[in-house]
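Here is a short report for a reader meeting this protein for the first time. Start with the sequence and the structure.

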Amino acid sequence: MERSHPKPALKTKDQVKDKYSKVTPKPAAKENTKPQEFKLHTGQRAVKRAMFNYSVATKFYLLEIQKKQVEKVQKMIEDEEIRCLRKEMVPKAQLMPFFDRPFFPQRSNRPLTIPREPSFRTVNSKCWSCISENELYYFHHAHAWNPIK
């Protein structure tokens, strides 16, 4: 079954204008408004900023006084050290030798050292191929059984 959709009739311009133009009542005229008084916080901020600046200036002043005191103490310590060094640096004469007890050198009680031949035959641990079997045998047996005197 076929349904046929009826086509809507075309609307005229007057009908379109009536649809969109709703008559709205205009609001009543308002009275002239008076602005409310407002208070700026610049005065309060200026007072807080002045207090902050004062505290910073006080802090810097106290730091400067403390630094001067530290420098004064340091200078006193350095002056004291210089005074002590000058006192120590005074040249003094050597003491006179005791002529009534002359120095006589004495012979030591330690035994004399016995000289021995130096061993120039050292084995190079990196190059074992350079050493022959006789040299290795001699080196091993000569040093293993001879105690160092």
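The report below covers the model, the fold, the surface and the salt bridges.

## The model

This is a predicted model: local features need pLDDT of at least 70, side-chain atom pairs count only at pLDDT 80 or more, and totals for chains, interfaces and linings use all residues. Residues are numbered from 1 along each chain as its sequence is written, and side-chain values use heavy atoms, with hydrogens and water left out.

## Fold

The protein has three helices and zero strands. From the N terminus, the order is α-α-α. Helices (H or I, at least four residues) and strands (E, at least two) are DSSP runs, numbered from the N terminus.

## Surface

The protein has 149 residues, and 1% of them count as buried. Buried means under 20% relative accessible area, exposed over 50%, and partly exposed in between (1.4 Å probe, protein chains only).

The whole structure holds two salt bridges. The term means a side-chain nitrogen of Lys or Arg within 4 Å of a carboxyl oxygen of Asp or Glu.

One joins Lys 68 and Glu 64, at 3.7 Å from N to O. Both lie in helix H2 (residues 42-88), four residues apart, about one turn of the helix. Lys 68 is exposed at 52%; Glu 64 is partly exposed at 45%.

Glu 80 and Arg 83 form a salt bridge at 2.4 Å, N to O. They also sit in helix H2, three residues apart. Glu 80 is partly exposed at 37%, and Arg 83 is partly exposed at 47%.
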